[in-house]
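Visitor: I would like to learn how to read a structure of this kind, one feature at a time. Could you show me the general idea and then the case at hand?

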Amino acid sequence: MDEAPGVESGPNVPPATRPTPDPQALNPLEGDIWRWTNAARAATGLAPLRLYPALLRAARARCQEIVATGVVAHASARWSSPHTLQSAFGARLRVMGGENLACCRNLAWAFTALMGSPDHRANILHPEHGLLGVAVLDFRSCGVAVCQEFGGD
């Protein structure tokens, strides 16, 4: 899927705001979420989010934890907050702690749910968030688990 659900994209979005993920860094579903997130930001005049290795590792760890435990939560026995999770994977940024989590039947529903939630939408459209880590895993109990970790340098 190239189009973000409910987000304007296409020829009116300047090429600089449509970066292509490194195919070795993201799986196809993660690439879709990353592109849709950046399309939503571009639609409001914000710069695209760049992938950041420490946040990518943190997102994958949180997503794996959700799938393993069946619990979708911003705090766990292992990491008390998104900030501690991001720090544990080496993030040392000026702005840290933004995290979006979704569990939905498919990727489009997950992104639509994130954009429909004021707090999650605020993370996606936060002007000081310039960095992103994203993970998407099959989560049999609901469909897919999506994790976004945000930061800013």
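**Reading the sheet and its surroundings**

Guide: Helices (H or I, at least four residues) and strands (E, at least two) are DSSP runs, numbered from the N terminus, and two strands pair if DSSP finds at least two bridges between them. This is a predicted model, in which local features need pLDDT of at least 70 and side-chain atom pairs count only at pLDDT 80 or more, while totals for chains, interfaces and linings use all residues. Residues are numbered from 1 along each chain as its sequence is written, and side-chain values use heavy atoms, with hydrogens and water left out.

Visitor: How many helices and strands are there in the protein chain, and what pattern does the chain follow along the sequence?

Guide: The protein chain has five helices and four strands, and along the sequence they follow the pattern α-β-α-α-β-α-α-β-β.

Visitor: In what order do the four strands form the sheet?

Guide: The sheet is open, its order is 1-3-4-2, and its pairing is mixed. Strand 1 (50-51) and strand 2 (95-104) are the edge strands, each pairing on one side only. Strand 3 (residues 131-139) and strand 4 (residues 143-152) are antiparallel and share nine bridges, and a hairpin of three residues joins these two strands. Strand 2 and strand 4 also run antiparallel, joined by eight bridges.

Visitor: Which residues stand opposite one another, for instance which one faces Leu132 in strand 4?

Guide: A bridge can be followed residue by residue. Leu132 stands opposite Phe150 in strand 4, and Leu51 stands opposite Leu132 in strand 3. Phe150 is also the bridge partner of Gly98. Further partners in strand 4 are Glu149 for Gly133 and Gln148 for Val134.

Visitor: What does Glu30 touch, if residues up to four places away in sequence are not counted?

Guide: Glu30 is found in helix 1 and is buried, with a relative accessible area of 2%. Leaving out residues up to four places away in sequence, Glu30 touches Ala25, Arg60, Val134, Ala135 and Val136.

Visitor: How many aromatic pairs does a search of the whole structure find?

Guide: Rings of Phe, Tyr and Trp (its six-membered ring) pair if their centres lie within 6.5 Å; planes under 30 degrees apart count as stacked, over 60 as edge-to-face and the rest as tilted. The search finds two aromatic pairs. One of them is tilted and consists of Trp79 and Phe89, 5.8 Å centre to centre with 55° between the planes. Trp79 lies in the loop between helix 2 (53-69) and helix 3 (82-88), and Phe89 in the loop between helix 3 and strand 2, so the pair ties together parts that are 10 residues apart in sequence. Trp79 is buried, at 6% relative accessible area, whereas Phe89 is partly exposed, at 22%.

Visitor: Where is Ser81 found, and which residues does Ser81 touch beyond those up to four places away in sequence?

Guide: Ser81 is found in the loop between helix 2 and helix 3, and counts as partly exposed at 21% relative accessibility. Beyond residues up to four places away in sequence, Ser81 touches Arg62 and His74.

Conventions. Buried < 20%, exposed > 50% of the residue type's maximum accessible area, 1.4 Å probe, protein only. Contact = heavy atoms within 4.5 Å.
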